[in-house]
Amino acid sequence: MKGKYFYHIAMCSLIPVAGWGWLEYYKTCIPNEIQVIAGNREDFNFSIPASARVADSDQQWTLQQPFSMTAWGTGSYEMEVRLFGIIPLKTIQVEAIEEAYVIPCGCPVGIYLETDGIMVIDTGTIMDGNGMEISPAGNVVQSGDYIQAVDGEYLKDKEDLIRRIQESGGKDMILTIHRNGLSIEVKVTPVLAMDGVYKAGIWVRDDMQGIGTLTYVTEDSFGALGHGVNDVDTGKLVQHSEGELRKASVLGITAGSSGSPGSVTGTVDYSEDGYLGTIDANTDCGIIGTLSSADRLPEHVNQTLVPIGLKQEVHLGAAYLRSDISGQMKDYEIQITEIHIGDSHTTKGLELQITDPELLELTGGIIQGMSGSPILQDGKIIGAVTHVFVNDSTKGYGVFIENMMTV
């Protein structure tokens, strides 16, 4: 009897757990925010057993079937979604906007970021004069910390930090650190190493640079990469104090293959003429900033404005990837194979496959350095390339242009 009683209790306990799992799953199927063009009919298809209504109105839709909505004026609206028409699921913020236009680019750019402090990569041990291994900063500073000051004096660069440690004489040092949005102070006591130099056992970095692709520009702004600049060691989004966007040139291409992503090698123009603008934000969906002047863009960039394609306008099938990786600006054929409109796919809302024979011959598919290449469909820019599938370089992910421009 005891065993049977336990069995019934166990089965009953699974019911709310399973229900909670489905609730969370359905939440990921729909976005937190929807943008619509004021005056346009917008079509949606979420395919979930739920209903939605605009707050304080009689407008209501069944989300299990395709539905349409029209906002006659710009503004913000709240759409309340209920699972099975009963259980509160999510409140979607609906933004009715004017139609927006940008210039799709597709040219390589140099990206330079100065970190907001000295980034801590890791800590290690120091062999002191007695042959003992000591970790002065172990359990004190962490990977991903930013050291901003020593004993109340702000640091200029990592060389300034190294100098102060070496000149410490082994005395306690108070480090001001930025960690997870908070400013804290910690104490580190440098150790006299076997080579006669004081060290703290901290691996640091103070700037980042590389090559990516410029996605779009407007009259005075730009967006690039389609994903954030993350530190290669910590994997965390780099917090920067200053940043520049610069002209770049492709020198060589290593084609990608199964299990081996290819790459672009190139040079960044750090001359006065090479300056394109300032990087204002490094976000999960790319870098955005202030454009110096569209006149500084390479001559082969077609500066024709095209409209933005919103998430609900994207469909499976033919699209184009714009790139000048061959030395000439071209639109290469691709296929959109899957669409994930929910918020669980911030930078991977699109799955795509390169089908253009010329691009496959040149690069083998998507390679490092092509992140940010604009994706166009039906005469609109709908997104940018973000990632490549390691086991198939012809396939990859893309971010919705809507996500890039609303972060």
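This is a predicted model: local features need pLDDT of at least 70, side-chain atom pairs count only at pLDDT 80 or more; totals for chains, interfaces and linings use all residues.
Figure 1. A disulfide is a covalent bond between the sulfur atoms of two cysteines. Take Cys29: the closest cysteine sulfur sits in Cys285, 19 Å away, so the gap is too far for a bond. Cys29 counts as buried because its relative accessibility is 18%. Then look at Cys107, which is in no disulfide either, with the sulfur of Cys105 as its nearest cysteine sulfur at 5.2 Å. Cys107 has a relative accessibility of 1%, so this residue counts as buried.

**Figure 2. The whole chain, before we zoom back in.** What does the secondary structure of the protein come to? The tally is four helices and 30 strands. The C-alpha trace spans about 80 × 75 × 45 Å along its principal axes. Of the 407 residues, 46% count as buried. Take the contacts between residues at least 6 apart in sequence: 66% of them join residues at least 24 apart. The accessible surface comes to about 20,200 Å², and carbon and sulfur atoms account for 50% of that. As for charge, there are 26 positive and 54 negative side chains, with the centres of the two sets 8 Å apart.

**Figure 3. Thr234, tucked into a loop.** Thr234 is found in the loop between β19 (221-224) and β20 (240-254). Buried or exposed? Thr234 counts as buried, because its relative accessibility is 17% and the cut-off for buried is under 20%. The Thr234 side chain reaches the backbone nitrogen of Lys236 at 3.2 Å. Leaving aside residues up to four places away in sequence, Thr234 touches Val120, Ile121, Ser143 and Gly144.

**Figure 4. Gly349 and its partners from elsewhere in the chain.** This glycine lies in the loop between β26 (330-339) and β27 (350-354). At 0% relative accessibility, Gly349 counts as buried. Which residues does Gly349 touch, not counting those up to four places away in sequence? They are Glu338, Ile339, His340, Gly398 and Phe400.

**Figure 5. Glu95 on strand β7.** Glu95 sits in β7, the strand that covers residues 87-97. Setting aside residues up to four places away in sequence, Glu95 touches Glu33, Ile34, Gln35 and Val36, along with Gly75 and Ser76. With Ser76 there is also a side-chain to side-chain polar contact of 2.8 Å. For a sense of scale, Val306 is 211 residues from Glu95 in sequence and 21 Å from Glu95 in space, C-alpha to C-alpha.

**Figure 6. Two loop residues with positive phi.** Most residues other than glycine have a negative phi. Ser47 is not a glycine, yet has a positive phi of about 55 degrees. You'll find Ser47 in the loop between β2 (41-44) and β3 (50-54). Its relative accessibility is 48%, so Ser47 counts as partly exposed. Asp151 is not a glycine either, and its phi is positive at about 50 degrees. Look for Asp151 in the loop between β12 (146-150) and β13 (153-154). Asp151 is partly exposed, with a relative accessible area of 49%.

Terms used. Residues are numbered from 1 along each chain as its sequence is written. Side-chain values use heavy atoms; hydrogens and water are left out. Buried means under 20% relative accessible area, exposed over 50%, partly exposed in between (1.4 Å probe, protein chains only). Contact means heavy atoms within 4.5 Å. Accessible areas come from the Shrake-Rupley method with a 1.4 Å probe; for residues, only the protein chains shown count as cover. Lys and Arg count as positive and Asp and Glu as negative; His and the chain ends are not counted. The place of a charge is taken as NZ of Lys, CZ of Arg, CG of Asp or CD of Glu. A polar contact is a pair of N or O atoms within 3.5 Å; within protein, one must be able to donate a hydrogen and the other to accept it, and residues adjacent in sequence count only if both atoms are side-chain atoms. A disulfide is a pair of cysteine sulfur atoms within 2.5 Å.
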